[in-house]
Amino acid sequence: MLLITPYPRLVSPLLATKSTPESSFTRRARASSSSSSSSSYHWPFLTPKRRLNGFKLKSATVPGDVESGSLVKGLKLGGMFGVWYLLNIYYNIFNKQVLRVFPYPATVTAFQLGCGTLMISIMWLLKLHPRPKVTPSQLPAILQLAAAHTLGNLLTNVSLGRVNVSFTHTIKAMEPFFTVLFSVLLLGEWPSLWIVCSLLPIVAGVSLASFTEASFNWIGFCSAMASNVTNQSRNVLSKKFMVEKEALDNINLFSIITIISFVLLVPVAILIDGFKFTPSHLQLATSQGLTVKEFCLMSLLAGVCLHSYQQVSYMILEMVSPVTHSVGNCVKRVVVIASSILFFKTPVSPLNSIGTATALAGVYLYTRAKRIKPNPNSKSS
């Protein structure tokens, strides 16, 4: 006699391949499942709500809820990309205006990292993000990342103080080249042929833009190129660190790096520039078109925007794949270059425009080439 309890026991899917005689209840359940709507779900607890021999099976997820959740996630992600781009635009505008009247990039960079350190402390104090637990074995790797992060930000500001914003970001389009180089040297990861081919227009475009740049000087050019080296070595080392060490989430890893960078750069800035936040130096800065209030406000906003856009960038990286993040970074560079040309009314020659466009097109091709996966070896499987 077949006994049906009010809560029938479902057979484990792992045991479904075992050959056993089917009961009449099992045959009726399988027939009812195959004759239901064209849902793609095959597990009883994921099928749409229906009646089975007097019992109701209710789905754990409703397709309408999934669609609405995807829509909300898409809108949230789109908003974060917009905030990322907007903060980056404002940072470059404020930072360039500050460096024009206050030509001390080490002091400016230390102040910006100090703003980030303050924001991180508030974030942890208000428990907006859990505090990290750093082990002694992690410190050597973190110090390497912090040193690269410090040099990357400092060299970028040196370049921005010497040449146009658009030219600095055109040179920084060379980042994929150094990413591939350091991936080979530090991780032993060899690029595909498509990736190597995508690097050619990047190098050619940056070279053409450099030869035709009106504000070109060697300090600005070399500083921007050196920032590519340090930033991409930081990214590759970060990848190596996340694989070999106990994982820190990337927001906390970035936060720790920022704090250490601030501690490292303050004595260096004093050694290089001296103490420049004096009334006489502020008076010198304000004699070139800015009031003291405007100078202080732009310096503060530049520091806030720098940390905020980097924080948002890490938050986006947690939500999307690295390739999608690279595509977004490519579009961001186009937006920053265009906005800086419009705001500062930078003169751009036709050849310079062609060089910049070629370099950015190469960056886009690089992100597309990263999507191409090598065919798996059937023999090894």
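Q: How much space lies in the largest cavity?
A: About 70 Å³ of space lies in the largest cavity. The volume is the space filled by probe spheres set on grid points, which are joined across faces, edges and corners. The model is predicted, with local features requiring pLDDT of at least 70 and side-chain atom pairs pLDDT 80 or more, while totals for chains, interfaces and linings use all residues. Residues are numbered from 1 along each chain as its sequence is written, and side-chain values use heavy atoms, without hydrogens and water.

Q: What makes a space in this model a cavity, and how many cavities of 30 Å³ or more are found?
A: A cavity is a set of points on a 1 Å grid over the protein atoms alone where a 1.4 Å probe fits but cannot get out. The search of the whole structure finds two cavities of 30 Å³ or more.

Q: How do you know which residues line the largest cavity?
A: A lining residue has an atom within 4 Å of a cavity point. Val98, Phe102, Thr107, Val108, Phe111, Gln112, Phe277, Phe295, Ser299 and Ala302 line the largest cavity. Helix 3 (105–125) and helix 11 (292–319) each supply at least two of its lining residues, and the largest share, four residues, comes from helix 3. Helices are DSSP runs (H or I, at least four residues), numbered from the N terminus.

Q: Into which classes do the residues lining the two cavities fall?
A: Ala, Val, Leu, Ile, Met, Phe, Trp, Tyr, Cys and Pro count as nonpolar, Asp, Glu, Lys and Arg as charged, and the others, Gly among them, as polar. The lining of the largest cavity accordingly has seven nonpolar, three polar and no charged residues. The second largest cavity is lined by Gln112, Leu113, Gly116, His149, Asn153, Thr258, Leu306, His307 and Gln310. That lining has two nonpolar, seven polar and no charged residues. Helix 3, helix 4 (139–162) and helix 11 each contribute at least two residues to the lining of the second largest cavity.

Q: Why are helix 3 and helix 11 called oblique to each other?
A: Their axes come within 8 Å and cross at roughly 60 degrees. Axes are lines fitted to C-alpha atoms, for helices over the stretch in contact, and angles run from 0 to 180 degrees between N-to-C directions. Angles under 35 degrees count as roughly parallel, over 145 as roughly antiparallel, 65 to 115 as roughly perpendicular and the rest as oblique. Helix 3 and helix 11 are therefore oblique.

Q: Which class counts describe the contact of helix 3 with helix 11?
A: Contact means heavy atoms within 4.5 Å. Residues of helix 3 including Phe111, Gln112 and Gly116 meet residues of helix 11, among them Ser299, Ala302, Leu306 and His307. This contact has nine nonpolar, seven polar and no charged residues.

Q: What makes helix 3 oblique to helix 4?
A: The axes of helix 3 and helix 4 come within 9 Å and cross at roughly 130 degrees. That angle makes helix 3 oblique to helix 4. The crossing is right-handed. Pro105, Ala106, Val108, Thr109, Gln112 and Leu113 in helix 3 meet His149, Asn153, Leu154, Asn157 and Val158 in helix 4.

Q: Why is helix 6 called oblique to helix 7?
A: Helix 6 (residues 175–187) and helix 7 (residues 193–211) pack at about 140 degrees, with axes 9 Å apart. Helix 6 is therefore oblique to helix 7. Their crossing is left-handed. Pro176, Phe177 and Val180 of helix 6 and Ile195, Leu199, Ile202 and Val203 of helix 7 make the contact, which comprises seven nonpolar, no polar and no charged residues.

Methods
Left-handed = near helix turned anticlockwise from the far one by under 90°. 1 Å grid on protein atoms, 1.4 Å probe; cavity = no way out; pocket = protein on both sides within 12 Å on 5 of 7 lines; lining within 4 Å.
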